[in-house]
Amino acid sequence: MKLPSGAILTLVRGDITRQDVDAIVNAANETLLGGGGVDGAIHRAAGPGLLGACKEIREVRPDVRCPTGEARVTTGFALPARFVIHTVGPIYRSHPQPAVALRNAYLSSLQAARQVGASTIAFPAISCGVYGYPLDEAARIAVQAAWDDSDELEEVRFVLFGEATFQAWSAAVEQLGA
Ligand code: ADP
């Protein structure tokens, strides 16, 4: 599907660590020191240099290198992608405004991609694993963010791991009516 910016939006089932794009997005936690899920997979595939680069990112408060809704960039080390954009989605049950925070995580990542000159970017389903975000609402927010701000990009790809996640994203794209 074509976005208003002229970029294409694509949905794929699969593993984000294998994507041949300029930048992949990591659904990290605020420490940026690695975790489970997609974060663990990205660190394993990138190799130990990625953790070293994350440790060099300045803490904005104790144990917080990337506040929820913001993004930080490192190189991709052994990944096919040149950059990793680390962002932090909300923990659905405990965040006061999870929809705002999730949208900000997507928008901050798109902005970070532009800042490093990436033109193709791949996102996982941020917050849809351990952080417990309901899939249908998360999908609508993700697709809307791409619709609203993909300026200067050629492709925004969502890489969905499970069938239910893929279906939720497909429905959200259909709802946009394009
Ligand atoms: P969060 O803490 O933000 O919820 P998780 O890593 O637990 O992050 O889950 C986010 C989403 O990423 C989930 O839909 C999960 O199934 C998916 N996921 C896990 N591993 C991968 C991977 N290698 N590639 C793409 N998506 C993945």
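## Contacts of the ligand

In this predicted model, a polar side-chain atom of aspartate 15 lies 2.9 Å from a nitrogen atom of the ligand, and a polar backbone atom of isoleucine 16 is likewise placed 2.9 Å from a nitrogen atom of the ligand. On the oxygen side, a polar backbone atom of valine 38 is 2.8 Å from an oxygen atom of the ligand. A polar contact is taken here as a pair of N or O atoms within 3.5 Å; within protein, one of the two must be able to donate a hydrogen and the other to accept it, and residues adjacent in sequence count only if both atoms are side-chain atoms. The ligand taken alone exposes 560 Å², of which the protein buries 88%, the areas coming from the Shrake-Rupley method with a 1.4 Å probe, where for residues only the protein chains shown count as cover.

Residues are numbered from 1 along each chain as its sequence is written. Because the model is predicted, local features need pLDDT of at least 70 and side-chain atom pairs count only at pLDDT 80 or more, while totals for chains, interfaces and linings use all residues, and side-chain values use heavy atoms, with hydrogens and water left out.

## The surrounding shell

The ligand is surrounded by 15 residues, the closest being Asp15, Val38, Ser127, Gly129 and Val130; a residue is near a molecule or strand if one of its heavy atoms lies within 4 Å of it. By class, this shell holds ten nonpolar, four polar and one charged residues, where Ala, Val, Leu, Ile, Met, Phe, Trp, Tyr, Cys and Pro count as nonpolar, Asp, Glu, Lys and Arg as charged, and the others, Gly among them, as polar. Helix H1, residues 37-46, gives the most to the shell, with three residues. Helices (H or I, at least four residues) and strands (E, at least two) are DSSP runs, numbered from the N terminus.

The ligand sits in the largest pocket. A molecule sits in a cavity or pocket if more than half of its atoms lie within 2 Å of its grid points. On a 1 Å grid over the protein atoms alone, a pocket is an open set with protein on both sides within 12 Å along at least five of seven lines, whereas a cavity is a set of points where a 1.4 Å probe fits but cannot get out; lining residues have an atom within 4 Å of a point.

## Loop residues

Glutamine 19 is found in the loop between strand E1 (8-13) and strand E2 (23-27), and its side chain reaches the backbone oxygen of aspartate 15 at 3.1 Å. Glutamine 19 counts as buried because its relative accessibility is 11%, buried meaning under 20% relative accessible area, exposed over 50%, and partly exposed in between (1.4 Å probe, protein chains only).

Leucine 32 is placed in the loop between E2 and H1 and, at 1% relative accessibility, counts as buried. Glutamate 152, by contrast, is exposed, with a relative accessible area of 63%, and its place is in the loop between helix H4 (135-148) and strand E6 (155-160). Isoleucine 57, in the loop between helix H2 (49-55) and strand E3 (71-75), is buried, with a relative accessible area of 15%; it lies 9.8 Å from threonine 31, C-alpha to C-alpha, the two being 26 residues apart in sequence.

## Buried positions in helices and strands

Alanine 145 belongs to helix H4 and is buried, with a relative accessible area of 0%.

Glycine 40 lies in helix H1 and counts as buried at 8% relative accessibility, and the C-alpha atoms of glycine 40 and glycine 6, 34 residues apart along the chain, are separated by 33 Å.
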